[in-house]
Amino acid sequence: ASRAGNQGAAHLTLAFQQAVALHQQGRPFQADALCSEVLRADPKHYGAWHLRALLALEAGDTQQGIQWLERSLKINNQQFAGHSNLGNALLSLGKPREALASLDLRGQLATVKVPVLVLVGEHDEATPPPMSHELAAGLPRAEFKIIPGCAHVPQLQSPRQFLGTLK
(Lines give C-alpha, C1' and ligand atoms only; values in the text may rest on other atoms or scores of the structure.)
Protein backbone atom coordinates (compact mmCIF):
# COMPACT_ATOMS: atom_id res chain seq x y z
CA ALA A 1 0.00 0.00 0.00
CA SER A 2 2.91 2.34 0.77
CA ARG A 3 4.39 1.88 -2.70
CA ALA A 4 1.03 2.61 -4.32
CA GLY A 5 0.70 5.70 -2.12
CA ASN A 6 4.14 6.90 -3.18
CA GLN A 7 3.28 6.33 -6.85
CA GLY A 8 0.03 8.25 -6.40
CA ALA A 9 1.85 11.15 -4.72
CA ALA A 10 4.47 11.14 -7.47
CA HIS A 11 1.72 11.23 -10.11
CA LEU A 12 0.06 14.21 -8.38
CA THR A 13 3.39 16.04 -8.13
CA LEU A 14 4.06 15.45 -11.82
CA ALA A 15 0.53 16.47 -12.81
CA PHE A 16 0.81 19.69 -10.81
CA GLN A 17 4.24 20.48 -12.27
CA GLN A 18 2.78 19.95 -15.76
CA ALA A 19 -0.10 22.29 -14.89
CA VAL A 20 2.39 24.99 -13.85
CA ALA A 21 4.33 24.47 -17.09
CA LEU A 22 1.14 24.70 -19.16
CA HIS A 23 0.22 27.93 -17.36
CA GLN A 24 3.65 29.35 -18.13
CA GLN A 25 3.21 28.33 -21.78
CA GLY A 26 -0.05 30.28 -21.99
CA ARG A 27 -2.30 27.19 -22.07
CA PRO A 28 -4.77 27.98 -19.28
CA PHE A 29 -7.48 25.46 -20.18
CA GLN A 30 -5.06 22.54 -20.14
CA ALA A 31 -3.49 23.82 -16.90
CA ASP A 32 -6.93 24.07 -15.28
CA ALA A 33 -7.84 20.55 -16.40
CA LEU A 34 -4.72 19.17 -14.71
CA CYS A 35 -5.41 21.18 -11.56
CA SER A 36 -8.91 19.69 -11.49
CA GLU A 37 -7.39 16.21 -11.78
CA VAL A 38 -5.01 16.92 -8.91
CA LEU A 39 -7.83 18.28 -6.75
CA ARG A 40 -10.06 15.27 -7.41
CA ALA A 41 -7.27 13.09 -6.01
CA ASP A 42 -6.22 15.51 -3.26
CA PRO A 43 -8.78 18.20 -2.38
CA LYS A 44 -6.26 19.77 0.03
CA HIS A 45 -3.56 20.42 -2.60
CA TYR A 46 -3.11 24.13 -1.87
CA GLY A 47 -0.84 24.64 -4.89
CA ALA A 48 -3.54 23.44 -7.28
CA TRP A 49 -6.11 25.73 -5.64
CA HIS A 50 -3.66 28.62 -5.89
CA LEU A 51 -2.93 27.95 -9.56
CA ARG A 52 -6.65 27.64 -10.35
CA ALA A 53 -7.13 30.98 -8.61
CA LEU A 54 -4.44 32.59 -10.76
CA LEU A 55 -6.04 31.15 -13.88
CA ALA A 56 -9.43 32.53 -12.83
CA LEU A 57 -7.93 35.96 -12.07
CA GLU A 58 -6.14 36.03 -15.43
CA ALA A 59 -9.42 35.13 -17.15
CA GLY A 60 -11.12 38.09 -15.43
CA ASP A 61 -13.12 36.04 -12.92
CA THR A 62 -11.95 37.92 -9.84
CA GLN A 63 -14.65 36.57 -7.50
CA GLN A 64 -13.80 32.95 -8.34
CA GLY A 65 -10.09 33.72 -8.06
CA ILE A 66 -10.59 35.21 -4.60
CA GLN A 67 -12.67 32.22 -3.49
CA TRP A 68 -9.99 29.76 -4.60
CA LEU A 69 -7.17 31.83 -3.09
CA GLU A 70 -9.00 31.86 0.22
CA ARG A 71 -9.48 28.10 0.00
CA SER A 72 -5.76 27.63 -0.73
CA LEU A 73 -4.81 29.85 2.21
CA LYS A 74 -7.11 27.92 4.56
CA ILE A 75 -5.14 24.79 3.68
CA ASN A 76 -1.73 26.48 3.99
CA ASN A 77 -1.70 29.98 5.47
CA GLN A 78 2.05 30.37 5.02
CA GLN A 79 1.97 31.05 1.28
CA PHE A 80 3.24 34.58 1.00
CA ALA A 81 2.45 34.68 -2.74
CA GLY A 82 -1.11 33.62 -1.92
CA HIS A 83 -1.56 36.51 0.49
CA SER A 84 -0.09 38.91 -2.05
CA ASN A 85 -2.32 37.64 -4.86
CA LEU A 86 -5.38 37.83 -2.63
CA GLY A 87 -4.50 41.39 -1.60
CA ASN A 88 -4.07 42.44 -5.24
CA ALA A 89 -7.35 40.80 -6.25
CA LEU A 90 -9.23 42.54 -3.44
CA LEU A 91 -7.60 45.83 -4.34
CA SER A 92 -8.72 45.39 -7.96
CA LEU A 93 -12.30 45.19 -6.65
CA GLY A 94 -11.86 48.48 -4.82
CA LYS A 95 -11.61 46.85 -1.38
CA PRO A 96 -8.45 48.41 0.09
CA ARG A 97 -9.24 47.54 3.73
CA GLU A 98 -9.80 43.87 2.93
CA ALA A 99 -6.68 43.88 0.75
CA LEU A 100 -4.58 45.30 3.56
CA ALA A 101 -6.01 42.80 6.05
CA SER A 102 -5.12 39.92 3.72
CA LEU A 103 -1.52 41.11 3.72
CA ASP A 104 -1.26 41.31 7.52
CA LEU A 105 1.11 38.45 8.29
CA ARG A 106 1.98 39.44 11.86
CA GLY A 107 0.52 36.18 13.12
CA GLN A 108 3.16 34.29 11.17
CA LEU A 109 6.20 36.22 12.42
CA ALA A 110 6.98 33.59 15.04
CA THR A 111 7.63 31.08 12.24
CA VAL A 112 10.67 33.05 10.98
CA LYS A 113 13.68 31.10 12.20
CA VAL A 114 16.56 33.21 10.86
CA PRO A 115 18.08 36.27 12.58
CA VAL A 116 16.47 39.54 11.47
CA LEU A 117 17.67 43.11 11.88
CA VAL A 118 14.79 45.59 11.96
CA LEU A 119 16.08 49.08 11.17
CA VAL A 120 13.92 52.18 11.27
CA GLY A 121 14.57 55.86 10.88
CA GLU A 122 13.80 57.95 13.94
CA HIS A 123 11.40 60.16 11.93
CA ASP A 124 9.92 57.46 9.69
CA GLU A 125 6.25 58.28 9.12
CA ALA A 126 5.50 55.34 6.80
CA THR A 127 6.61 52.71 9.31
CA PRO A 128 7.12 54.63 12.56
CA PRO A 129 9.48 53.26 15.23
CA PRO A 130 6.61 51.87 17.38
CA MET A 131 5.32 49.89 14.39
CA SER A 132 8.80 48.60 13.59
CA HIS A 133 9.32 47.72 17.25
CA GLU A 134 6.09 45.68 17.16
CA LEU A 135 7.43 43.85 14.10
CA ALA A 136 10.71 43.08 15.85
CA ALA A 137 8.90 41.94 19.00
CA GLY A 138 7.02 39.34 16.97
CA LEU A 139 10.18 37.83 15.48
CA PRO A 140 11.93 35.25 17.66
CA ARG A 141 15.47 36.25 16.61
CA ALA A 142 15.16 39.97 15.88
CA GLU A 143 17.36 42.89 16.76
CA PHE A 144 15.76 46.35 16.68
CA LYS A 145 17.69 49.54 15.93
CA ILE A 146 16.65 53.15 15.33
CA ILE A 147 18.78 55.37 13.11
CA PRO A 148 18.69 58.90 14.59
CA GLY A 149 17.77 61.83 12.37
CA CYS A 150 16.49 59.70 9.49
CA ALA A 151 13.07 59.16 8.00
CA HIS A 152 11.87 56.27 5.81
CA VAL A 153 14.98 55.72 3.65
CA PRO A 154 18.01 55.80 5.97
CA GLN A 155 20.22 53.98 3.45
CA LEU A 156 19.91 57.05 1.19
CA GLN A 157 19.50 59.78 3.81
CA SER A 158 22.47 58.74 5.99
CA PRO A 159 24.37 55.98 4.19
CA ARG A 160 27.37 55.98 6.56
CA GLN A 161 25.18 55.74 9.63
CA PHE A 162 23.10 53.05 7.93
CA LEU A 163 26.17 50.96 7.00
CA GLY A 164 27.59 51.45 10.49
CA THR A 165 24.42 49.99 11.92
CA LEU A 166 24.88 46.86 9.83
CA LYS A 167 28.32 46.10 11.31
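Helix H2 (residues 28-41) packs against helix H3 at an angle of about 150°, the two axes lying 9 Å apart. That angle makes H2 roughly antiparallel to H3, a label for angles over 145 degrees, while those under 35 degrees count as roughly parallel. Helices here are DSSP runs (H or I, at least four residues), numbered from the N terminus. Axes are lines fitted to C-alpha atoms over the stretch in contact, and angles run from 0 to 180 degrees between N-to-C directions.

Some background is handy: this is a predicted model, where local features need pLDDT of at least 70 and side-chain atom pairs count only at pLDDT 80 or more, while totals for chains, interfaces and linings use all residues. Residues are numbered from 1 along each chain as its sequence is written, and side-chain values use heavy atoms, with hydrogens and water left out.

H3 has another partner to meet. Helix H3 (residues 46-58) and helix H5 (residues 80-92) pack with their axes 11 Å apart, at an angle of about 25°. That makes H3 roughly parallel to H5.

Here are the two pairs together.

| Pair | Angle | Axis distance |
|---|---|---|
| H2 and H3 | about 150° | 9 Å |
| H3 and H5 | about 25° | 11 Å |

Which residues join H3 to H5? His50, Leu54 and Leu57 in H3 meet Ala81, Gly82, Asn85 and Ala89 in H5, where contact means heavy atoms within 4.5 Å.

On the other pair, Pro28, Ala31, Asp32, Cys35, Ser36, Val38 and Leu39 in H2 meet Ala48, Trp49, Leu51, Arg52 and Leu55 in H3.

Conventions: Helices (H or I, at least four residues) and strands (E, at least two) are DSSP runs, numbered from the N terminus. Angles under 35 degrees count as roughly parallel, over 145 as roughly antiparallel, 65 to 115 as roughly perpendicular and the rest as oblique.
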